[in-house]
Amino acid sequence: MTIRDRIRQAMRERPKAMAVFLLAAAITVFFAVRLLLHALFWEPPGPRPLEPWMTVGVVGRMYHLSPREIDARAGLPQPDPRPYTLAQIAEDRGVPVEDIYALVNAAVAELKAREDAGDQGQGRDGR
Amino acid sequence: MTEWLLSLVPTYGPVLLVVAIFLSCFALPVPASMLLLAAGGFIAAGDLQLVTIAGASFAGLAAGDHSVYVMGRIGGTRLAARLGRRSAPIARARAKLAERGGFFLFLSRWLFSPIAPYVNFAAGAAGLRWLRFLAWGTAGEIVWLAIFITLGYVFAGSLEAASKFAFDAIVLIGAAVLTVALGIWLFGHHKRHPLEDRLSRSS
């Protein structure tokens, strides 16, 4: 039997299964295209505003900086061994979490400036 | 709610995952996959260790799945046997599940994970041999954990993007599997029963 014959036979003898098959095929194609488009056009989101659940590790990854350097520069606790969320640090110190954001952002800015200075060929200073 | 969950993950990571995943095996509404996505993200951030998270998650998952299977074996077998005596199709379904259920069990763990608890129970009730359950179940568990931890790692921090991608990918795979299976069944070359030939020729 040719493929055409088989298709005709299936439509004749098993219409419901054919309907489900066509639906499944359509969904497959639709989601494949969607996934492909998303994959092609998705860019990892740039650094976003700090949130209370974030840890310095998350911040470090966003800015491609060493989290422990950020801790040191901002005067924040190192993981011992469990990492602290920004909200926890704020709670421990009895300050609003925005104060911690300020410390972190300042440290990030300083470290980024140092990185840029290094990139301009002035060599890394030993700090 | 998501924020609160997220904030617990870096602090209680492994313990939280063991408990949450274990509970989710009993069809309790615990967002286990969300927690895995979050954990993956924190692994990318260096806050959690992959080995610890993978180990803890697997332990909770295996313990939960096997517990449900045992519940099915103990509680469900008698019920299923009684139903089987009354109805031949149920007896046949039960026999099929016991013999060939492995692959479906495997798929249900990661492709249709909301029904995994029920499939695990049914497998126990149908008398699927424990070694088969162990093999197919473990394979499914590993795939499920790998998918969500990896996605969480890749989409570190962007939980919404990660879960959308996971949903799309799972629907795609499920639809593709269904399409291929139906296609083979509908158009595949199979031996036709001689009676079928006679009937269709006369119609």
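Residues are numbered from 1 along each chain as its sequence is written, while chains are lettered from A, and ligands numbered from 1, in the order in which they are written. Because the model is predicted, local features need a pLDDT of at least 70 and side-chain atom pairs count only at pLDDT 80 or more, whereas totals for chains, interfaces and linings use all residues, and side-chain values use heavy atoms, with hydrogens and water left out.

We begin where the two chains meet. On one side 34 residues of chain A are in contact with 36 residues of chain B, where contact means that heavy atoms lie within 4.5 Å. Together the two chains bury about 3,100 Å², and 66% of this area is on carbon and sulfur atoms; buried area is the accessible area, taken with a 1.4 Å probe, that two parts lose on being put together, summed over both. Of the area that chain A buries against chain B, 20% is supplied by Leu35(A), Trp53(A) and Arg61(A), which is more than any other three residues give.

Polar atoms also meet across this surface, with 10 residue pairs in polar contact between chain A and chain B, both residues at pLDDT 80 or more. A polar contact is a pair of N or O atoms within 3.5 Å; within protein, one atom must be able to donate a hydrogen and the other to accept it, and residues adjacent in sequence count only if both atoms are side-chain atoms. The elements that give two or more residues to the side of chain A that touches chain B are α1 (3-13), α2 (15-41) and α3 (56-63) of chain A, and the largest share, 13 residues, comes from α2(A). Helices such as these are DSSP runs (H or I, at least four residues), as strands are (E, at least two), and they are numbered from the N terminus. Sorted by class, this side of chain A has 19 nonpolar, seven polar and eight charged residues, where Ala, Val, Leu, Ile, Met, Phe, Trp, Tyr, Cys and Pro count as nonpolar, Asp, Glu, Lys and Arg as charged, and the others, Gly among them, as polar.

The next topic is the salt bridge, defined as a side-chain nitrogen of Lys or Arg within 4 Å of a carboxyl oxygen of Asp or Glu. Over all chains the structure holds seven salt bridges, and across the interface of chain A and chain B the rule finds one. In that bridge the side chains of Asp168(B) and Arg34(A) meet at 2.8 Å, N to O; Asp168(B) lies in helix α7 (residues 159-187) of chain B and Arg34(A) in helix α2 of chain A, so the pair joins two chains. Asp168(B) counts as buried at 2% relative accessibility, whereas Arg34(A), at 31%, counts as partly exposed. These words follow cut-offs: buried means under 20% relative accessible area, exposed means over 50%, and partly exposed lies in between (1.4 Å probe, protein chains only).

Other salt bridges lie within chain A. The side chains of Arg114(A) and Glu69(A) meet at 3.1 Å, N to O, and this pair links distant parts of the chain, with Arg114(A) in helix α6 (residues 97-122) and Glu69(A) in helix α4, 45 residues apart. Lys112(A) forms a salt bridge with Glu115(A), their closest N and O atoms being 3.7 Å apart, and because these two residues are three residues apart in helix α6 of chain A, they are separated by about one helical turn.

Several single residues also deserve attention. Thr11(B), in helix α1 (residues 2-24) of chain B, is buried, with a relative accessible area of 10%, and touches Arg82(A) and Gln88(A), not counting residues up to four places away in sequence. A cis peptide bond, with omega about -15°, joins Asp80(A) and Pro81(A), and Pro81(A) lies in the loop between α4 (67-74) and α5 (86-93) of chain A. His64(A) has a phi near 55°, a positive value in a residue other than glycine; His64(A) lies in the loop between α3 and α4 of chain A and is exposed, with a relative accessible area of 67%.
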